[in-house]
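This report describes selected features of one protein chain. Please keep the sequence and the three-dimensional view at hand while reading.

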Amino acid sequence: EDGYDLWMRYRPLAKEAATALDRDAESVEMRGQSATLRVAADELRRGLAGLTGHAFAMGPSPHPILLATSADGDVGRLGLPLKDLGDEGYIVRQVRLGGRDVTLVTARTDRGVLYGSFALLRHIQTGGRLDRVALASTPRVKLRVLNHWDNLDGVVERGYAGQSLWDWWTLPDFKDPRYTDYARANASIGINGTVLNNVNAKPDSLSASYIAKAAALADVFRPYGIKVYLSARFSAPIELGKLKTADPLDPQVAAWWKAKSDEIYRAIPDFGGFLVKANSEGQPGPRDYHRSHAEGANMLAAAVAPHGGIVMWRAFVYADTDPDDRAKQAYTEFKPLDGKFAANVIVQVKNGAIDFQPREPFHPLFGAMPRTPLMLEFQITKEYLGFATHLAYLGPLFAETLGSETFAGSKRATVAQIVEGGVNRHALTGMAGVANIGRDRDWAGSTFNQANWFAFGRMAWDPTIGAQPVAREWAAMTFGPNPAIVAPVTDMMMGSREAVVDYMTPLGLAHVMATGHHYGPGPWVADLKRPEWNPVYYHRADKAGIGFDRTRTGSNAVAQYAPELARRLADPATTPERDLLWFHHVSWDRPMASGRSVWAEMVHDYDRGVGYVADMRQRWDGLRGQVDAERWTKTATYLGIQEREARWWRDASLAYWMSVNGRSLPAGAAAPAHDLDWYKAQRPAFAPGNPQ
Ligand code: BDP
C-alpha cells in the first residue's frame, strides 16, 4: 500500500462485522437523479463492496441503504427533524419505510445526502453497526475551503508533497482521475471549496485559457459539492487589461474586474469568488493607491456580487514601514476597518499574529472586529513544523486556537464561536486551510500528514469536535479499526505537535528557524535586511534574559486583546507558561511553576521533545507487521529522520543560547554534539517548495 487510498481504504471488515453488515444492508437504493446522488451511491457501493468483500447491487431490496432527500414523499411523512439541517446537514437512521427496514440517508439537499453517505461509511469503518445507526450533523461553518499555494509552473510554495496536483499543461482536455479522487476525499470530510492557485498570484491565472482550465476542474468537483475559487492578483487590470492603474476607485478598473468576473461566471456558473493577498510581502494592493483594504476588497466584491460570489481578503500584512512589532500590524491596519467591508467580503485571518509557528497565541483580530465576518486560516502544510518529514498531528494546534477564549463581548466568546458567526450573527462564516496536497502517491508527503488534511476538514465542519476523536477516527479508517493499532497511533499523534514545540520553540519562542527554507534551527540569524526577518528580533536573548516584551514596557501588543485578557497577559505571573517568551522578556533565572529556572525549563523542554520522538519511534516499531510494509517502512524511516533532526534543533539551539547567556547546562543534561560554528555551517539540501 502506498497511501493513495487515504482514509477511504475500505478494506474487508472482521468476519462478525461483515456478516452483520450483510444482514443489515442488501443494496443501495436511490430516489431521484442527480450527479451528486449518483456519486454518493457509487461511493457507498464502492465502500460496502470493499468492506464486505462482495459487490453491492443498485436498486430496491428488503433491507436497502436508501438515499433520498426530504422532497421524497415517504421520507417527508416520517417527520424527521430536517428543518434544522440547513443545506448541508444530514440524518442517517434505521427507519421503517413502506413495510421495510431501511437505513435511510437523508437531508434537505443532495449535498446533504452525499455528506450523510460519507458519514455512514465512516461509521462502519470505525467499527459502528448499521442496526444501531443514528447520525445527524450540520456543519457549523459555511465555507470550508482549501487554499492551494500552487503555482502555474507546477511548483507548490511551501508544498512538501511534490509538484502541484493540477496539471495545467494538459487541462482542460485531460481530466486526470486523481482530480476525482481528490474531490471524493474532500467531500468525505466536508470540504466544500478550493482555491486553486497561490495567494502570491500570477495575473495569468485570470486569463481566458486558465479560466477554461479552472472550469474543467470545477466540472469534476461540482457533483462533490466543491466550489472553485481563484487567488486574484490585484494588479491584473494592468498586466492583463493593459490599464494604467489598478486603483480600486478608478471606474475603468472596477469595470475591468466586473467584465472579468462575468467572463469567469460564464465558464463556471457556481464560481465561489476571489482570494486576495494584497500589500503583503511585495504583493500589489489598494495601498499602492492610498486606498484602504476595505476599498480594494469592496470593489472586487461588487464585481462578483451579482453572481453570488464572495471575496476572501487576507489580513496577513506586515510592512517595514512599521518598525514597532510585526505581531501588531494586521490588527493596527484592519481593526479600524471594522464595519467597512461589503456584505460579501470575509476577512481571512491566520490563527496567530505572526506566521503559522509551532505555537502562537490566537490572533488578536478574533473578537476585535464584531461587524466583520472573519475567516480563520490554518496552515495544513507544515512550513514551520518539519515539513512532511516530521510527524506532527495538527489537531491539537487547531483545537487550541479554536478553543481559546477571546474575552471579547459579554459572552467571552471562544475563537470557534467567533468563526461560527453566532456571536455577531454573521451569515458568512469560514475556515481556510493551506493545503498539504501534491502529486506524491500518498498525496500529503507522508501517511501521518494525511491526518492533518482530514482533521482540518472535520474541524472546519465542527470546530468543537476535539482533536482526539478526530485522531481516533482517522487512525481507524487509515489502519483499520483494531484497537491494538488505533490506541497507540492515536496516543502518538496526540502529543506529537507539542513535541515539535518542545524541540523547536519552547516556552513561547517563535521564528527561530534558519533563513528561507524554514526547516532547521537558526536562532543566531541577525543579518537579514528587514529586522523582522531575523530570529534575534523575535527572541531578544541577551546575557540577562530572553523573550519579546509585548507589555507596556515593550511593544504593548497585549493591548490588542480584550481588556480582561490584556490584563492577564501583561503580567508574566498570569500569562500561560507556554506563551511566556511570546509576551515577556524575562530573566534566565526566573522561577517557573515546576521550580526550575527559565533556562533549566527550556533545556528540560528540548529534552522532552527529543524524548517524545524517540518514544514514537519505539511505539511505531511495536506496530511492525500490523501495518502494511510500505506505509510502515516509510513512517519508520521518517521517524528516524525526525529523531536526528529533533536532536539537531535541541543541540544547535542550546549551543547558541549558551553562547549568549554564558551558562552551563543543568546537571544531567547532555552537551550539544558539536560546537556552535558547526551548527551555523549546516546547510540543508535545496528545500522543496521554497520560493527563491
Ligand atoms: C508565509 C510563507 C510565504 C507565504 C506567506 C503568506 O512563508 O511563503 O506566501 O506566508 O501566507 O508563511 O502569504
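Strand S3, residues 64-69, is mostly covered, since 6 of its 6 residues are buried. A residue is called buried if 20 or more other C-beta atoms lie within 10 Å of its own, exposed if 12 or fewer do, and partly exposed in between; the C-beta atoms are placed from the backbone. Helices (H or I, at least four residues) and strands (E, at least two) are DSSP runs, numbered from the N terminus.

The model is predicted: local features need pLDDT of at least 70, side-chain atom pairs count only at pLDDT 80 or more, and totals for chains, interfaces and linings use all residues. Residues are numbered from 1 along each chain as its sequence is written.

## The sheet around S3

In a regular strand the side chains alternate between the two faces of the sheet. In S3, Pro64, Leu66 and Ala68 point one way, while Ile65, Leu67 and Thr69 point the other way, and all are buried.

Two strands pair if DSSP finds at least two bridges between them. Strand S1 (residues 27-30) pairs with S3 in the parallel sense over 4 bridges, and Ser27 has Pro64 of S3 as its bridge partner. S3 is also joined by 5 bridges to strand S5 (residues 100-107), and these two strands run parallel. Here Leu66 stands opposite Leu104 in S5.

The open sheet is formed by 6 strands in the order S2-S1-S3-S5-S4-S6, with mixed pairing. Its edge strands are S2 (57-58) and S6 (134-137), each of which pairs on one side only.

## Helix H4

Helix H4 covers residues 110-125, which makes 16 residues, and reaches 23 Å from its first C-alpha to its last. This is close to the 22 Å expected at 1.5 Å a residue, where the expected span is 1.5 Å times one less than the number of residues. H4 is mostly covered, with 15 of its 16 residues buried. After H4 comes Gly127, whose phi is positive, near 100 degrees.

## Domains and a recorded feature

The domain assignment divides the protein chain into domain 1 (15-137), domain 2 (143-465) and domain 3 (502-548 + 585-681). Such bounds come from an automatic or database domain assignment. The C-alpha centres of domain 1 and domain 2 are 33 Å apart.

How many residues of domain 1 are in contact with domain 2? There are 8, and they meet 7 residues of domain 2; two residues are in contact if their C-beta atoms, placed from the backbone, lie within 7 Å. Helix H2 (35-52) and H4 each supply at least two residues of the side of domain 1 that touches domain 2. The residues of that side divide into 5 nonpolar, 1 polar and 2 charged. In this scheme Ala, Val, Leu, Ile, Met, Phe, Trp, Tyr, Cys and Pro count as nonpolar, Asp, Glu, Lys and Arg as charged, and the others, Gly among them, as polar.

An unreviewed UniProt entry places the feature "domain: Glycosyl hydrolase family 67 C-terminal" at residues 445-668. UniProt positions are given in the numbering used here, feature names are shortened, and annotations may be inferred rather than shown by experiment. The end C-alpha atoms of residues 445-668 lie 37 Å apart, and the span is 55% helix and 2% strand.

## Backbone angles

Most residues other than glycine have a negative phi, and most peptide bonds are trans.

| Residue | Phi | Place |

Leu6 counts as buried because 23 other C-beta atoms lie within 10 Å. Asn279 is buried too, with 20 other C-beta atoms within 10 Å.

The peptide bond from Leu171 to Pro172 is cis, with omega near 5 degrees. Pro172 is placed in the loop between strand S7 (143-147) and helix H5 (177-188).

## Two partly exposed residues

Ser292 is found in the loop between S10 and H9. Why does Ser292 count as partly exposed? The reason is that Ser292 has 18 C-beta neighbours inside 10 Å. Ser292 touches Pro286 and Leu337, not counting residues up to four places away in sequence. The C-alpha atoms of Ser292 and Phe334 are separated by 9.2 Å, although these residues are 42 residues apart along the chain.

Asp615 lies in helix H19 (residues 598-621). Asp615 is partly exposed because 15 other C-beta atoms lie within 10 Å. Asp615 and Leu639 are 24 residues apart along the chain, and their C-alpha atoms are separated by 9.9 Å.
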